[in-house]
Structure formats: structure tokens, C-alpha cells
Amino acid sequence: MQVSSLNEVKIYSLSAGRSLPEWLSDRKKRALQKKDVDIRRRIELIQDFEMPTVSTKIKVSRDGQYIMAVGTYKPRIRCYDTYQLSQKFERCLDSEVVTFEILSDDYSKIVFLQCDRFVEFHSQHGRYYRTRIPKFGRDFSYHYPSCDLYFVGASSEVYRINLEQGRFLNSLQTDASENNVCDINPVHFLFASGTAEGKVECWDPRTRNRVGLLDCALSSVTADAEIDCLPSISALKFNGALNMAVGTSTGQVLLYDLRSSNPLIVKDHQYGLPIKSVQFQHQLDLIISADSRIIKMWNKDTGKIFTSMEPEYDINDVCLYPNSGMLMTANEAPKMNIYYMPVLGPAPKWCSFLDNLTEELEENPESTVYDDYKFVTRKDLENLGLAHLIGSSLLRAYMHGFFMDIRLYHKAKMMANPFAYEEYRREKIRQKIEETRAQRVQLKKLPKVNKELALKLIEEEGEEQQATRKRKQKNLPSLLKDDRFKVMFENPDFQVDEQSEEFRLLNPLVSKISEKRKKKLKLLQEQEAQEQEEEEEPEGKPSDAESSESSDDEKGWVEEVRKQRKLLRQEEKVKRQERFKEDQQTLLKPQFFEIKEGEEFRSFKDSAKKQKLMKKTLGDRLKLEEKLGTLSVSDTTVGSKQATFKLKK
């Protein structure tokens, strides 16, 4: 049994787990149960609750004793007796069943609509009668007061068969090209049919006249939705005398009050798949709507999601067991799913043991595999000093880190930081003290970093709030409370340097305004130091003086910039003079140079001579060396020149 939880709603899947083959002997089944834990823990609520290939429809009889399901292959119906928790009978049919209806309180009277236009009537012993309708049928409903069957399908007509007289009656002519679904109200027996054009036509069976028309396709389309085709009606269900739920082929569910042409709520499944089934849950006022992928439960008054389920296989039909928290589904798989939700209601009386079972599971929750392990990254291992365990059996590699035993993790953490609990305790105590302080009368507390900027923002917010009150506009969020700018008032690296050249040139009129703020800042700091609860307002100038100051500031902006530049030049001049004095005070020390090995020091002029010599041509250098005697050139007998060099020491 699998347990899942969404929005704190526990959902128990009673059909989860592997099923054993029918041909296995009892001895082999017992042996498998001993070996396999999954087979031992599974719950087989109803024996053989499955189809050979696919199940298409599932319904419960009115007395609640029999569950009937149709599926393939071969086309068949299976009836399950809930009192015996096993299959009652199975009947094979000639063709696939589109839908069926149980007319009696038990399984004794059933009507099947088949895919080849045949309508079959079954009694306890088997097939009782078979007839055919003119067009392919898609749905039908039974009108109890008159014993009439209403068939809708690939036609504009609604065919009627009277079961008391045993003959066809005059059909109802609709404005639609095709009708997909139909339903009859259980209170006043109003007949409604959903068309392929996205409309719902309502008929009075007594007068056989149309009494209403709803355009659901127009109501289901929102401004942001993209439409590929016209939404048609795929599901229809009445609730009481006045409410009706309509499902469309584009995945919307519309809840109507029959007295209004506009829907009360439009709920979108967001998958774009046709709605297969719509059910009402009366205990909690929920609507259970399902497409082929998901089952959603939502409040019919607010539209808020209660919970949802996504089975492994596509859904064909959903059946809610009356007055209980059990839900059954027909799927594109052999096994039919059974879900139990204690929140929706108690378990049916034939499986009352489910309540005790779920209560025990809630009292003793089973810990998952990951509860005993801790996921750590390589960096965490290095901080704990356990990097040498990489590659050992104590760490199991997973994605970008490792799983390790939670006990080993706690021991290593205690050794790495033995005072962690004391720090945690101090932090908790500090939080509790701050919570109690928050209930007292609060003074204006400024942040530790950029206090003047924070004071400026507070003043601007006060002015904006007054302006918005006059204009009746919404207040904008504060920068001081915004998490994106929180670091600017906490990290000292973001402190504004008011003495820098850029700040003084870009803010030439800050001086007068900042003086006022500095006065306020001093007063606030005094209040915080003395821990006074009364706010002291600094004496300011009258409003006329402030207005005159603002006009003067606008006129003297250029003069203020010039003053700031003169001050900057003077400061640079002072700095240069200080550097010059420091240079003069420093004593010059002699520098010593080391001569390379094999060289003799003559004078500093030799280097200048060498540079001049290197600039001369090769011929000039040879003549100069002949004069000095370092080079001798003589003619040979062959006619060539012979040069002899003397190397310098």
C-alpha cells in the first residue's frame, strides 16, 4: 500500500504493488509472500479486481453491494460482490461497450450501449434483449418517471426508447450537428445534452420542448488562452436542483447555476486534455474532475485546490463510492485502481478495517530510506574532516555529493564544532528576547551602515505616503524592507564615502540638507543610547524658510560646484606640499655597484666611449684599432688579407 500526501491530505493507494498470476498454486504463492516484502505488504481489497487489457467504465449499484466494470480484450463485463470481496460473475459481449447504466438497485437490470449501434438489455441470467439505434451512440440517460431511455450520438437527434411500451418514441430535434454527453437532473428531471459546438441544450421531458441554451464554449475561453479549435462538451453532471458542472474538450470545468447563463467558477486543468468525468462530493462540498492524466479535487464555492492525484496510467473513468472516502478508477492498464482518503469520509462498511489500518499507520509512520541518511557535498566533507572517506563503503556517491549515515554525520559535526548547541541555544534565546521587545513601543531604529541614506529614505517615504493619501494611490514598497537591498545597510563594504571626489562633485547641494539630517541622526542616536521611549522632535526652521532655501539652492548650484572644485584643488596642493616636505626630510644614502668578474674599473667615461664606438661603421672601427695596436692587417702572397687580433683582458 502506497501512501502519498498533497496539501496535507493523505491518499492511500490500495491497489499498489505486484499482483500474483492466477495459475500459481497456493503453495507457490505462500513461498513468494515469505520471500518478497512487497507481496507480503500489499493489500488485495477485492480479489481479481482487474481486466485482461484495459478497463473503460466503472460504476457502483445503488445498494452499494456490487461494483461493475467493463473493459477489453475480449469485450466483457465483470461484477464484484463487495460483501464477499470477490468476483460475482463475468460476461463476454459481442462488441466493445461505450457506456452502461444499472437500472435496478442491484445487478439484475443493466443496459449497455455498444460501439456498433447496438443496445443490449441484461437481466440476472444474461442478455435479455437487443436492439439497434439509427446512429452511433456516445451516451445515454434513464428517465425514471416515464421509463424512457435518451440516447445521444453522432446525430442532431436525441433518440428515445420507452421500456414500458417496448418501442421507439418521437426523437428530440436539437440545433447541434452532434451530441457528446447527456444527463437528467435527479430532482426535477430536466434533460441536458452537451453538443460538439460547445453548447448545452436543456429540455423538459413532459412537453418535449427546449427550455434553455448555454454557450459554454464562449464562457470557457479566457483572455490569455490560445484556442486551436472550438471547445466541445465532453462531460456533464447535475448536482441538486440548481447546480450543473460542465467539462470541455480543452480541459476546463465550468460550474453553473441554472438561473444564470454565466458560470460561477471556471477551473482549468492546465493540460489541454478533454475532461473525462465530473463528480460531486457532498460532505466537503468538493468537485472531483478528471482528464486522462490527473484527478483534481477542488472547492465548488472558492475553486481552491483540495488535493490531486496522478496515476501511473491514463484514466478512462472515475467512480466515487457513495458516502465514503473511497475512489475507484478505470485505466489504460489491466489493474483498476482503488484509493482511500480518510478526509473525504469513512471507509465503506464492507471494508471497515481500513479505518483501523490507516489510524495505525498515522500513529507509527514508517521512516523512508532517506530519513536515516544525510546528503553532503564534497565541501561539507572537507569542513567536517571526512574527505579521506571518499571511495569507502561509508559514503554512497549520488549526483553532486554523497549519502552518509546520519549517526556518523552527527558525531563528526560534534567533533568539528563542539559548541554548536550552545550557539544554537544563544541564538534561540536572542530571538525570543527580540520577539518580546517587538511588543513594546518602538523607536526609529536606523541600520548600522549608511545611516544618513536610511534617514533620507524614511523622510522620502513619509512625503510619498502623504502624497499618495491625497491622490488615493497604493503605497510603493520600502527599500529598507526590501530583501534585495538589505545588504546595503548591513555590509560595511557598501558604506557611502561622502569625502570622496566623485560624491562631492555629484552632490554639490548635499551640505545644507545633510546638516539637518545629521542633527536628526544625533538626536536618534541619543535616544537609542538613553533607551527613552518618548520621541524628541528636533527643532527645525519654519516652512517659509525651507521653501526659500530650496529656491536659493536651485539658483546657487553652479556656485556650489565651483566651491567644491576649489576646495579639492586646495586639498591636492596641501597634499603635494606634504609629500615634498617628506622627500626633503628623507636622507640620500650612497649606492654601491658590483663589477663583474674579469673586468677592470677604469672610469665612468668608458661606457660613453663604447656607446660612441658602437655607432661608427666597421671600417672606422678597424682604423681606430690599428692605431691603438689591437689589430694588424697584412697582405698575403695569394692576394688576400690577413687580420690578427689581440683580445682584451
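Student: Which residues make the nonpolar surface patch of about 260 Å²?

Tutor: A patch is built from residues with over 30% relative accessible area and no salt bridge, where nonpolar side chains (Val, Leu, Ile, Met, Phe, Trp, Tyr) are joined within 5 Å and like charges within 9 Å. Accessible areas come from the Shrake-Rupley method with a 1.4 Å probe, and for residues only the protein chains shown count as cover. In this predicted model, the nonpolar patch is made by L613, L624 and L628, and L613 is found in helix α13, residues 605-615.

Student: What should I keep in mind about the numbering and the model itself?

Tutor: Residues are numbered from 1 along each chain as its sequence is written, and side-chain values use heavy atoms, with hydrogens and water left out. Because this is a predicted model, local features need pLDDT of at least 70 and side-chain atom pairs count only at pLDDT 80 or more, whereas totals for chains, interfaces and linings use all residues.

Student: Which residues gather in the patch of negative charge on the surface?

Tutor: For charges, Lys and Arg count as positive and Asp and Glu as negative, while His and the chain ends are not counted; the place of a charge is taken as NZ of Lys, CZ of Arg, CG of Asp or CD of Glu. Here the negative patch gathers D497, E501, E502 and E572. Of these, E572 lies in helix α12, residues 557-585, and helices (H or I, at least four residues) and strands (E, at least two) are DSSP runs numbered from the N terminus.

Student: Does E572 count as buried, partly exposed or exposed, and why?

Tutor: Buried means under 20% relative accessible area, exposed over 50%, and partly exposed in between, with a 1.4 Å probe and protein chains only. E572 counts as partly exposed because its relative accessibility is 39%. T72, in strand β4 (residues 66-72), counts as buried because its value is 13%. With contact meaning heavy atoms within 4.5 Å, T72 touches M51, P52, T53, V54 and E96, not counting residues up to four places away in sequence.

Student: How many salt bridges does a search of the whole structure find?

Tutor: Side chains of opposite charge can pair when their charged atoms come close. A salt bridge is a side-chain nitrogen of Lys or Arg within 4 Å of a carboxyl oxygen of Asp or Glu, and the search finds 17 of them. One of these joins R138 to E178, with the closest N and O atoms 3.0 Å apart. R138 lies in strand β11 (residues 137-143) and E178 in the loop between β14 (167-173) and β15 (179-184), so the pair ties together parts that are 40 residues apart in sequence.

Student: Which side chain meets R210 in a salt bridge?

Tutor: The partner of R210 is D175, at 2.6 Å from N to O. Since R210 belongs to strand β18 (residues 209-215) and D175 to the loop between β14 and β15, this pair ties together parts that are 35 residues apart in sequence. R210 is partly exposed at 35% relative accessibility, whereas D175 is exposed at 61%.

Student: Where are salt bridges linked in a network?

Tutor: Such a network links D94, D116, E120, R127 and R130. A further salt bridge pairs R206 with D204, the closest N and O atoms being 3.1 Å apart; R206 is exposed at 72%, while D204 is buried at 14%.
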